[in-house]
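Me: I am new to this structure and would like to go through a few parts of it with you. Could you take my questions one at a time?

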Amino acid sequence: MSFPTYPKYKDSGVEWLGTVPEHWEVQPIKHIVSIPVTDGPHETPEFIDEGIPFVSAEAVSSGVIDFSKIRGFIAESDHRRYCQKYKPQYNDIYMVKSGASTGTTTIVETDCDFSIWSPLAAIRCGARALPRFALNFLRSRNFQEGVTLNWSFGTQQNIGMNVIENLAITVPPLPEQLAIASFLDRETSKIDALVAEQRKLIELLKEKRQAVISHAVTKGLNPDARMKDSGIEWLGMVPKHWEVKVLRRFNCKVQTGPFGSQLHAEEYISGGTPVVNPTHMVNGSIVPSDEITVSDNVLARLPHQRLEVGDVIFSRRGELGRCALVTETEVGWLCGTGSMILRLHHSEYIGGYLSLFLSLDVLRQYFESFSIGTVMDSLSSETLLAMPLVVPPINEQLFIVQFVATHSAVIDSLVAAAKLAVDLLQERRTALISAAVTGKIDVRCHGEPSASNRMSYEAQLS
């Protein structure tokens with residue numbers, strides 16, 4: 001869809017905003033609000049099991065208020081006290097003003113009681129600005145650039161309320177704001193629906209990948225193979241000529257990663273030898289971080305935790321079931337604190353097949369049933385060695401590994417294409433918002449407001 005531009009433009013006087021339509025105003029945010037920009041309390045309240053939701057940056061980092069991610073609940077008495085400074089109201093806009101998600105915005109779409117904490121700045125539009133237009137402006141690429149240019153750093157990035165209230169915002173005539181907001185609501189909803197479809201496709205493809213692996217490593221590749229009961233409830237029927245054993249019956253070694261006293265987080269450097277933690281195991285491969293590495297001196301201190309080709313590195317803490325096969329690329333890298341190494345010295349098994357078996361969802365559930373963690377699931381070496389597994393002949397293991405690799409490559413390429421589509425759609429969304437709220441395109445003829453938006457506009461004028 002192509003859009004016309006406005007007939008005349010003027011310099012906004014703001015470098016990150018550029019030119020705007022000649023009849024638009026450009027004002028600091030403090031001139032379009034009904035109350036001064038404010039925030040929540042700067043004290044940490046006492047949290048209770050039930051009460052008034054207490055909302056902070058985590059709950060709005062996705063662009064909506066997610067009440068499942070609140071800090072906790074506070075007492076009614078604390079809520080009343082905090083409301084003396086600021087009480088949330090429908091259509092208030094929140095902007096995260098400190099932390100990694102600084103600049104993220106959302107709008108209040110509930111009449112339920114809740115309180116906010118100090119990392120959130122509250123912006124309440126007055127008669128000169130429609131909340132949904134202001135929200136879209138605050139989400140524009142231009143405004144976010146203004147935030148970036150004006151934030152400061154202490155222990156983390158942040159932007160003060162006095163800075164926020166002096167940042168510029170475009171102020172078109174109210175009917176034009178309504179047309180722009182209605183246009184963006186309609187068009188971004190279409191884009192969001194397409195994004196949701198692509199994300200659903202990604203999840204279906206991941207499920208397909210797991211199904212391919214599961215069937216191949218537990219049922220084999222021959223659909224006519226005679227089957228037998230494995231004797232293991234979660235494994236079910238397996239090919240008759242496959243063996244069922246426990247891991248400790250193989251000549252193998254289990255080596256846990258270094259404990260906290262052996263490797264400290266402050267010893268991580270940039271550009272050294274990579275450390276492999278559970279988060280670095282992705283779809284059976286190792287994806288290292290340039291920032292999670294160690295020096296040669298640390299590496300020399302931990303010889304037993306160094307990786308060898310053919311090892312299977314496995315998550316022993318947190319998300320159990322993450323694993324990866326060590327290739328020649330990762331030889332000499334360091335097994336991280338949350339990981340363990342499984343090293344086979346047996347001709348009946350190859351690491352590639354074992355890493356596929358360890359990645360099964362049913363095996364993850366099996367491990368979780370034995371996990372010994374309280375705050376975080378964790379896995380002991382004994383539990384791993386007691387794991388039952390099926391043993392196809394070596395030639396079948398090789399065929400299965402190759403089969404899974406071929407089919408996974410096809411699925412992974414489809415996932416990559418879907419992720420690219422999501423990125424392009426989100427870029428399109430951001431570009432459309434930015435162009436509309438800064439007047440680079442004229443959407444008035446495309447922005448006929450819905451009945452509900454018109455009622456909201458008329459209510460604001462009354």
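Me: Which residues of α2 are buried?
Reply: In this predicted model, the buried residues of α2 are P131, F133, A134, L135, N136, F137 and L138.

Me: And what does that say about how α2 sits in the structure?
Reply: Because 7 of its 8 residues are buried, α2 is largely enclosed by the rest of the structure.

Me: Which residues touch the most other members of the largest nonpolar core?
Reply: They are I29 and F143, in a core of 44 residues. Several elements give two or more residues to this core: β7 (93-96), β10 (120-123), α2 (131-138), α3 (141-150), β13 (168-171), α5 (174-219) and α10 (394-437). As a general point, nonpolar side chains tend to be buried together in soluble globular proteins.

Me: What does F143 touch, not counting residues up to four places away in sequence?
Reply: F143 touches W16, I29, M95, F137, L138, L167 and A168. Of these, F137 and L138 are also among the buried residues of α2.

Me: How many residues are in the other core?
Reply: That core, which lies apart from the largest one, has 37 residues, including C252, C323, L342 and L358.

Me: Turning to the helices, at what angle do α5 and α10 cross?
Reply: Their axes cross at roughly 170° and come within 10 Å. The angle is over 145 degrees, so α5 is roughly antiparallel to α10.

Me: Which classes of residue make up that contact?
Reply: The contact of α5 with α10 has 27 nonpolar, 5 polar and 9 charged residues.

Me: What does the side chain of Q397 reach?
Reply: It reaches the backbone oxygen of P392 at 2.9 Å. Leaving aside neighbours within four places in sequence, Q397 is in contact with E348, Y349, I350, Y353, V391 and P392.

Me: New topic: where is F73 found?
Reply: F73 is found in strand β6, which covers residues 72-74. F73 is partly exposed, with a relative accessible area of 29%.

Me: What is F73 in contact with, beyond its neighbours within four places in sequence?
Reply: F73 is in contact with E46, F47, I48, D49, E50, G51, I52 and P53.

Me: How far apart are F73 and P53?
Reply: The two are 20 residues apart in sequence, and 4.6 Å apart in space from C-alpha to C-alpha.

Key: Residues are numbered from 1 along each chain as its sequence is written. This is a predicted model: local features need pLDDT of at least 70, side-chain atom pairs count only at pLDDT 80 or more; totals for chains, interfaces and linings use all residues. Side-chain values use heavy atoms; hydrogens and water are left out. Helices (H or I, at least four residues) and strands (E, at least two) are DSSP runs, numbered from the N terminus. Buried means under 20% relative accessible area, exposed over 50%, partly exposed in between (1.4 Å probe, protein chains only). Contact means heavy atoms within 4.5 Å. A nonpolar core is a set of buried Ala, Val, Leu, Ile, Met, Phe, Trp, Tyr and Cys residues joined through side-chain atoms within 4.5 Å. A polar contact is a pair of N or O atoms within 3.5 Å; within protein, one must be able to donate a hydrogen and the other to accept it, and residues adjacent in sequence count only if both atoms are side-chain atoms. Axes are lines fitted to C-alpha atoms, for helices over the stretch in contact, and angles run from 0 to 180 degrees between N-to-C directions. Angles under 35 degrees count as roughly parallel, over 145 as roughly antiparallel, 65 to 115 as roughly perpendicular and the rest as oblique. Ala, Val, Leu, Ile, Met, Phe, Trp, Tyr, Cys and Pro count as nonpolar, Asp, Glu, Lys and Arg as charged, and the others, Gly among them, as polar.
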